[in-house]
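Dear colleague,

Please find the structure below, together with its sequence. A short account of the findings follows.

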Amino acid sequence: SKQENVSEETSNGNCSLFSTPIMLSEEDEGVSAESVEIEIERAKLEKIYQKIIKQGSGLLDEKQMSIRKGLDWIEIELNPRALFDSARANLNKGSRTLLDQVSELIGQFSNPVVVEGHADDRPIKSSLYPSNWELSAARAARVVNYFVSLGLDPARLSAIGFGEFRPIASNESELGREKNRRVLVVIYSPL
């Protein structure tokens, strides 16, 4: 049988080995080695999730961000009112504090990060942003650029704008439109 070394991130950000190695039988090698690698990455992502919840508890309590987790991703939703004025992509003065803290949280890990911009379906009246698509993409890019200015590796960051095309609520009410105007910071498993 073959022994797989499985590493985990420690509190200081370095990697150490689990005390119990995973044992693979001869027939488990190959296809199962890939499955083991996926499970290892999912376990690492769970540790990242728990660390973000613990270290970001103040932001969560203040409703400056919310967090969700899937099998292969962690999604941090930032309070859009804390970041941008209506129909604008320039960061508010107060947004830097929130983004500084989020940058600290995601800067501890090397996982790929995608910043997503989303909008409601109200037509925008701006010569700078002819549609909500451009506005949402500009907002996502502004957040990515700010993260890079704080020292995050630009090779692991990307920005995408979805405009009004991925709503999470009905655009029939102001509350629904407000929910649809959002910025997400999505941390992915590297696999």
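Is A87 buried, exposed or partly exposed? With a relative accessible area of 28%, A87 is partly exposed, where buried means under 20% relative accessible area, exposed over 50% and partly exposed in between (1.4 Å probe, protein chains only).

The model is predicted, so that local features need pLDDT of at least 70 and side-chain atom pairs count only at pLDDT 80 or more, while totals for chains, interfaces and linings use all residues. Residues are numbered from 1 along each chain as its sequence is written, and side-chain values use heavy atoms, with hydrogens and water left out.

A87 is found in the loop between strand 6 and helix 3; helices (H or I, at least four residues) and strands (E, at least two) are DSSP runs, numbered from the N terminus. Although A87 is not a glycine, its phi is positive, at about 60°. K63, in the loop between helix 2 (57–61) and strand 5, also has a positive phi, near 60°, and is not a glycine. K63 is exposed, with a relative accessible area of 64%. Most residues other than glycine have a negative phi.

Turning to the sheet, five strands form an open arrangement in the order 5-6-9-7-8, with mixed pairing; two strands pair if DSSP finds at least two bridges between them. Strand 5 (65–69) and strand 8 stand at the edges with a single partner strand each, so one side of each lacks a neighbour in the sheet. From one strand to the next, the twist averages 20°.

Strand 7 (residues 113–118) is largely enclosed by the rest of the structure, because six of its six residues are buried. V113, V115 and G117 point one way from strand 7, and V114, E116 and H118 the other way. Strand 7 runs parallel to strand 8 (residues 157–161), joined by five bridges; V113 stands opposite L157 and G117 opposite G161. With strand 9 (residues 182–188), strand 7 pairs in the antiparallel sense over six bridges, and E116 faces L184 there.

Helix 3 (residues 95–106) lies across strands 5, 6, 7 and 9, running at about 170° to strand 6. Axes are lines fitted to C-alpha atoms, for helices over the stretch in contact (heavy atoms within 4.5 Å), and angles run from 0 to 180 degrees between N-to-C directions. Helix 4 packs on the sheet, touching strands 7, 8 and 9, and its direction makes about 165° with that of strand 8.

Yours sincerely
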